[in-house]
Amino acid sequence: MRTLTRGTGKLYWAVLTITLVLFTAAFLLPLVWVLLGAFKPPAELAQQPPTILPRTWEPGAYVNAWNYMDLGRFFLNTFVVAIGAWAVQMAVIVPAAYALSKLRPIFGNVIMGLMLATLMLPATALLVPVYLTLTDLDLLNNPAGIWFPAAANALNVYLLKRFFDQIPEELLEAARIDGANAWTTLVRIILPISRPILAVVSIFAVVAAWKDFIWPLLVFPDPAKQTLSVALQRFAPDTPINLLLAGLVLASLPMVALFLAFQRHILAGLTAGGVKG
Amino acid sequence: MRRHVTAYGFLSLALVVFAIFSWWPIVRGIVLSFQQVNFVTSPDWVGWENFERLFADPLFVVAWRNTLFFTILALVIGFGVPFLTAVVLNELRHAKGYFRLLVYLPVMLPPVVTALLWKWFYDPGPGLFNSVLRGLGLPTSQWLDSSSTSMISLVLVITWANMGSATLIYLAALQTIPGELYEAADLDGAGILKKVWHVTIPQTKFVILMLLLLQVVATMQIFTEPFVMTGGGPEESTVTVLLLLYRYAFYYNDFGTASALSLILFGALAVFSFLYLKITRKADA
């Protein structure tokens with residue numbers, strides 16, 4: 001397709017080379033630097049100028065970091081928070097979007113409007129009142145304190161509803177004639193057709209829960225219940241630097257793996273209507 | 001009738017969750033702004049006292065000044081970069097997958113991880129940045145440790161961490177520009193800059209505007225990076241509105257004043273959020 005420039009002349013190759021070098025330096029090298037850094041003993045990390053490859057390889061840092069910070073526990077906590085956040089959000093928003101799109105109850109538009117109105121609020125405006133509500137409900141130190149507030153996601157209700165709106169009525173009519181009720185129509189017809197949008201919403205729900213910091217910081221005062229982000233932040237000041245680096249690498253691996261596995265869905269989801277990663 | 005009952009059955013869970021965790025907290029946040037809350041006695045109405053306490057707090061002005069400075073810096077540095085990157089990437093016909101993978105990789109990292117990594121890079125002694133600068137014979141910087149460079153250091157982190165989404169959204173928008181427009185510009189003898197100005201930017205102005213509004217709303221609420229990297233220092237140079245809000249709520253347990261501050265922040269951002277919603281919904285229709 002025609003773009004700004006054409007041809008693959010000298011200028012093209014120059015720009016390509018410069019971009020390759022800049023991108024690698026800006027986005028890949030810092031991460032390689034950390035990967036390598038975790039293999040260096042603290043004394044080597046403190047020296048100037050720094051060594052590029054570790055002079056003494058200490059692969060034990062990754063194991064030591066795991067034990068020193070008890071990372072297994074925090075991985076499990078984060079996993080529970082992220083998977084639960086996904087499951088609860090799906091249970092809340094899928095039926096709601098279906099009802100608003102296909103069953104069209106009285107005042108349905110008012111409800112959609114009230115949900116969309118919450119998007120006007122900056123995410124942090126509800127920090128204090130939601131925190132107090134969680135205290136009232138005794139949901140502090142409980143993963144449910146993350147799951148339910150995260151499920152009130154008006155944008156995702158809207159995205160699903162918009163997708164369901166495009167499913168032709170004739171399909172649903174045919175199911176109804178075959179004797180399907182509203183529930184079987186949702187499970188047998190709507191959900192299978194909606195796999196692309198459900199995949200996008202699901203991946204973003206899990207990623208958002210894994211990356212979140214401020215909510216787990218408030219919800220889990222008990223150190224044993226914390227997620228990786230909150231725990232790493234707490235450990236950072238008094239952890240030997242090589243172990244901290246190893247911990248940071250380990251905490252990122254699941255998200256990097258998820259990205260490599262679902263790259264196509266994630267990049268497509270970005271443009272699916274302002275879903276911000 | 002039965003249809004409505006069934007529909008409300010499907011809606012019930014969402015209605016409960018939105019009511020408890022979204023709609024009621026909105027009302028409660030407004031109410032709290034005018035109350036004194038402690039967890040022992042029932043809350044007292046205090047009128048505008050919480051707002052007066054905020055206005056009397058020297059940090060209130062500092063936090064707003066810092067937040068606005070941060071937002072403007074983030075716009076100046078962070079806003080043009082993803083657009084330019086996308087324009088360049090759109091011209092390149094090699095290594096497309098590699099570029100997309102790399103630019104989005106930081107977006108996948110948990111912000112706390114990014115913040116702690118960059119804190120290590122910024123270390124004025126053996127840190128990566130000063131080591132590279134020394135190696136090239138260039139002057140070094142105190143980065144986060146000096147109140148004159150702390151804010152710009154934070155802006156660099158969030159630009160690096162977040163530019164992937166914006167770049168890829170722009171890239172998708174650029175690919176919808178009809179090739180004939182460029183051909184027509186070529187016939188008129190337009191150079192690259194002219195084509196960017198007369199074709200590329202007008203054709204993507206809706207996306208540019210949308211991302212501009214989103215970025216303002218997000219940067220005004222900056223919390224994780226200053227909280228993890230500087231704690232608001234040095235000399236309060238990185239105390240943002242949200243950091244101040246956090247202090248009121250969770251250091252001083254003054255939830256009333258913290259709510260009053262949320263309400264002010266909401267007011268400041270309402271214009272941007274409202275415009276954003278209007279534009280995106282119009283584009284959908």
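Hi everyone, let's begin with a database record: an unreviewed UniProt entry lists "domain: ABC transmembrane type-1" for residues 75-262 of chain A. Keep in mind that what you have on screen is a predicted model. In that model the stretch 75-262 of chain A is 76% helix and 0% strand, and its end C-alpha atoms sit 21 Å apart.

The unreviewed entry also carries the annotation "transmembrane region", which covers several spans of chain A, among them 12-36 and 110-132. How much of residues 12-36 of chain A is helix? That span is 100% helix and 0% strand, with 34 Å between its end C-alpha atoms. Residues 110-132 of chain A come out at 61% helix and 0% strand, and there the end C-alpha atoms lie 27 Å apart.

Now over to the partner. Chain B has 14 helices and two strands. Its C-alpha trace spans about 75 × 70 × 30 Å along the principal axes. Of its 285 residues, 42% count as buried. If you take the contacts in chain B with a separation of 6 or more, 69% of them come from residues 24 or more positions apart.

So much for the chains; on to where they meet. The contact draws 79 residues from chain A and 84 residues from chain B. Which helix gives the most to the side of chain A that touches chain B? That is α14(A), with 11 residues. By class, the side of chain A that touches chain B divides into 61 nonpolar, 15 polar and three charged residues.

Let's look at two helix pairs across this contact. Two packed helices are described by the angle between their axes and the distance between the axes. For α4(A) and α1(B), residues 2-32 of chain B, the angle is about 145° and the axes are 8 Å apart. The crossing of this pair is left-handed. On the chain A side, the residues that meet α1(B) include A:Ala91, A:Pro95, A:Tyr98 and A:Leu103, while those of α1(B) include B:Arg3, B:Phe10 and B:Val17. The contact of α4(A) with α1(B) has 14 nonpolar, one polar and one charged residues.

The second pair is α14(A) with α6(B). These helices pack at an angle of about 145°, with axes 10 Å apart, and their crossing is left-handed. From α14(A), A:Ile241, A:Leu244, A:Leu248, A:Ala251 and A:Ser252 meet B:Val113, B:Leu116, B:Leu117 and B:Trp120 of α6(B). That contact has eight nonpolar, one polar and no charged residues.

Next, a helix in chain B that I'd like you to click on: α5(B), residues 96-108. At 1.5 Å a residue, its 13 residues should span 18 Å, and the end C-alpha atoms are 19 Å apart, which agrees. Buried in α5(B) are B:Phe99, B:Val103, B:Tyr104, B:Pro106, B:Val107 and B:Met108. What do the buried residues of α5(B) pack against? They pack against α1, α11 and α14 of chain A, together with α4, α6 and α8 of chain B.

Finally, one glycine. B:Gly231 is in the loop between α12 and α13 of chain B. Is B:Gly231 buried or exposed? The cut-off for exposed is 12 or fewer other C-beta atoms within 10 Å, and B:Gly231 has 11, so this glycine is exposed. B:Gly231 and B:Arg53 are 178 residues apart in sequence, and their C-alpha atoms are 22 Å apart in space. Thanks, everyone!

Methods. Residues are numbered from 1 along each chain as its sequence is written. Chains are lettered from A and ligands numbered from 1 in the order in which they are written. This is a predicted model: local features need pLDDT of at least 70, side-chain atom pairs count only at pLDDT 80 or more; totals for chains, interfaces and linings use all residues. Two residues are in contact if their C-beta atoms, placed from the backbone, lie within 7 Å. Helices (H or I, at least four residues) and strands (E, at least two) are DSSP runs, numbered from the N terminus. Ala, Val, Leu, Ile, Met, Phe, Trp, Tyr, Cys and Pro count as nonpolar, Asp, Glu, Lys and Arg as charged, and the others, Gly among them, as polar. The expected span of a helix is 1.5 Å times one less than its number of residues. A residue is buried if 20 or more other C-beta atoms lie within 10 Å of its own, exposed if 12 or fewer, and partly exposed in between; C-beta atoms are placed from the backbone. Axes are lines fitted to C-alpha atoms, for helices over the stretch in contact, and angles run from 0 to 180 degrees between N-to-C directions. A crossing is left-handed if the near helix is turned anticlockwise from the far one by less than a right angle, and right-handed if clockwise. UniProt positions are given in the numbering used here, feature names are shortened, and annotations may be inferred rather than shown by experiment.
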